[in-house]
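Work through the exercises below with the model open beside you. Try each task before reading its solution.

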Amino acid sequence: MADCSSIRKFATAADYTKNFIVQGEIDKYLPGGRHFIDEGLINRLIAETDGKAPDPARVREIIAKSETTRETLLPEETAVLMQVTDPDLFEEMRAAADRIKRAVYDNRIVMFAPLYMSNLCVNGCRYCGFREGNAAQKRRVLTMDELKEEVDVLAGRIGHKRLIAVYGEHPTTSTEYIAETIETCYNRQVPAPRTGCKVGIRRVNVNAAPLPVADLKVLRSVGIGTFQVFQETYNRRLYEQMHPAWSVKGNYDWRTTCFHRCLEAGVDDVGLGVLYGLCDWRFELLATVLHARDLERWFNIGPHTLSFPRLEPASGTRVPEESPWLIDDATFARILVIARLSVPYTGMIVTARESPASRNRVLDHGMTQLDCSSNIAIKGYSDFADEAHQEKERQQFMLGDNRSIDEMVRYLASRGMITSFCTAGYRCGRTGGCIMDALKTGREGKFCKINAILTFREWLDDFASPETKAIGEEIIRKELAEVKEWLPKFYPTVLRQYEATCRGERDLFF
Ligand code: SAM
Ligand code: SF4
């Protein structure tokens, strides 16, 4: 059981809203009151580059810098990439983004599932179905018994190993609840349908509201994976329009400093994101670069992942349909390529918010992670046998891609990609700055290739349809041949673990 004695508890929503934020933990990271999201600089860069074609030689220089150093670009460099509209030059950028992704992450796509724990919320975000006062939303908090039922479907029927656990912000589901849900997920083991092997969840990432340092230390102690908080928009004026001043989330500085607190607390895999469609995408990308650079400056650790949620229809709000900043699929694809070149080492997540066509399109634009067989209704996995079922009043927004994991694994294989269920990184201490260096040099790619093979083998045997298994095995043969060529001395060890996995041993990793 997590030791929660160090964290504050709040009896009512009003008390929580008034007293949750710890001002000293904001001020520490905004010395002299100066914010690292320098809006003056961002607006100047946008104004200077707006509508002007860039010098192709300069663009190629920046691509080369990104590809050779794999270090975060300067905002001025990202601004140049944002100017590119010429299709041939953009294709050069896309191809480089794909090469960088392959150099850092190989041909892997990491698979995860969202798991919504609660939709009680003290905040009033204007675009979200969970917001306080939205009477159309059916409210619910998973009990630990209900959570076990959800995990049984996710781990035991679908075959997921990695979750993103999602929470509204409310004293009922505070840090103590989050810690208990993480522990409950890790402790559940169920038999796999095709082999009877014991399977379970091995990595729980969390998407929740910003927390103080003491609370983050508790989450670290129960083995949190990545702590993900989406900034929604970095533009302070638009942020304040979307998030009422009376709400906890209305405090822009509390949210923008939350990853500094994470890294201070030792939660060193942090996941940044912007809710695209609330503001000019160029502003958001430049701000993301400034955010990554400030984390690197303080802690020498940048974002473990970037997420790219786009506004989707939600219950009781018209913001997702009426925002003046909505983006089309082509712009979405551009954003991904520029993000990959701007923060070359980071993981990039594209969720099932997107349509199948949009996700298929951006697979070679630098992305590394996706979710499948997703159900974002609270208790949706165990309540609905039909995986594609959606219900606006039970979920935060509507999903665009309802493909099953079996279908997606097969599709990825048809594009030469291996689906990875690997969760070894944080369990072997390969997190934060340590994994960042390994990624930049391509070392992590090698370890991960082996772990991808082992976990893919597990999933194919435990869950795949015969058709998917046949295609998956072809991929495995190619991957093993590559490992043999790269690491001839180590290959016999890899093969021993692989054969043990085929015999039914589980959770072997390097
Ligand atoms: N409640 C916490 C918070 O807001 O920080 C946890 C995250 S919330 C449950 C998950 C994320 O969903 C939000 O950060 C936001 O980016 C996204 N979201 C909210 N409404 C959305 C919508 N209509 N379409 C797409 N994404 C949305
Ligand atoms: Fe609450 Fe998060 Fe939705 Fe805002 S985005 S209303 S904080 S659940």
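**Exercise 1.** Find the polar side-chain atom of R353 and state how far it lies from a nitrogen atom of ligand 1.

*Solution.* Start with R353: a polar side-chain atom lies 3.1 Å from a nitrogen atom of ligand 1. A polar contact here is a pair of N or O atoms within 3.5 Å. Taken alone, ligand 1 exposes 560 Å², and the protein buries 97% of that; areas come from the Shrake-Rupley method with a 1.4 Å probe. Next, take E232: a side-chain N or O atom is 2.5 Å from an oxygen atom of ligand 1. Last, Y167 uses its backbone: an N or O atom there lies 3.1 Å from a nitrogen atom of ligand 1.

The model is predicted: local features need pLDDT of at least 70, side-chain atom pairs count only at pLDDT 80 or more, and totals for chains, interfaces and linings use all residues. Residues are numbered from 1 along each chain as its sequence is written, chains are lettered from A and ligands numbered from 1 in the order written, and side-chain values use heavy atoms, without hydrogens and water.

**Exercise 2.** How many residues surround ligand 1, and which are the closest?

*Solution.* Count residues with a heavy atom within 4 Å. There are 20; the closest are N207, E232, K249, R255 and E312. Sort the shell by class: 11 nonpolar, 3 polar and 6 charged.

**Exercise 3.** Which residues lie around ligand 2?

*Solution.* List them: C121, N123, C125, C128, F130, R131, G168, K249 and Q396. By class, this shell has 4 nonpolar, 3 polar and 2 charged residues.

**Exercise 4.** How many disulfides are there?

*Solution.* Apply the rule: two cysteine sulfur atoms within 2.5 Å. The count is 0. C262 is in no disulfide; the nearest cysteine sulfur, that of C258, is 5.4 Å away. Now check burial (under 20% relative accessible area, 1.4 Å probe, protein chains only). C262 is buried at 0%. C128 is buried at 9%.

Note on methods:
A polar contact is a pair of N or O atoms within 3.5 Å; within protein, one must be able to donate a hydrogen and the other to accept it, and residues adjacent in sequence count only if both atoms are side-chain atoms. Ala, Val, Leu, Ile, Met, Phe, Trp, Tyr, Cys and Pro count as nonpolar, Asp, Glu, Lys and Arg as charged, and the others, Gly among them, as polar. Buried means under 20% relative accessible area, exposed over 50%, partly exposed in between (1.4 Å probe, protein chains only).
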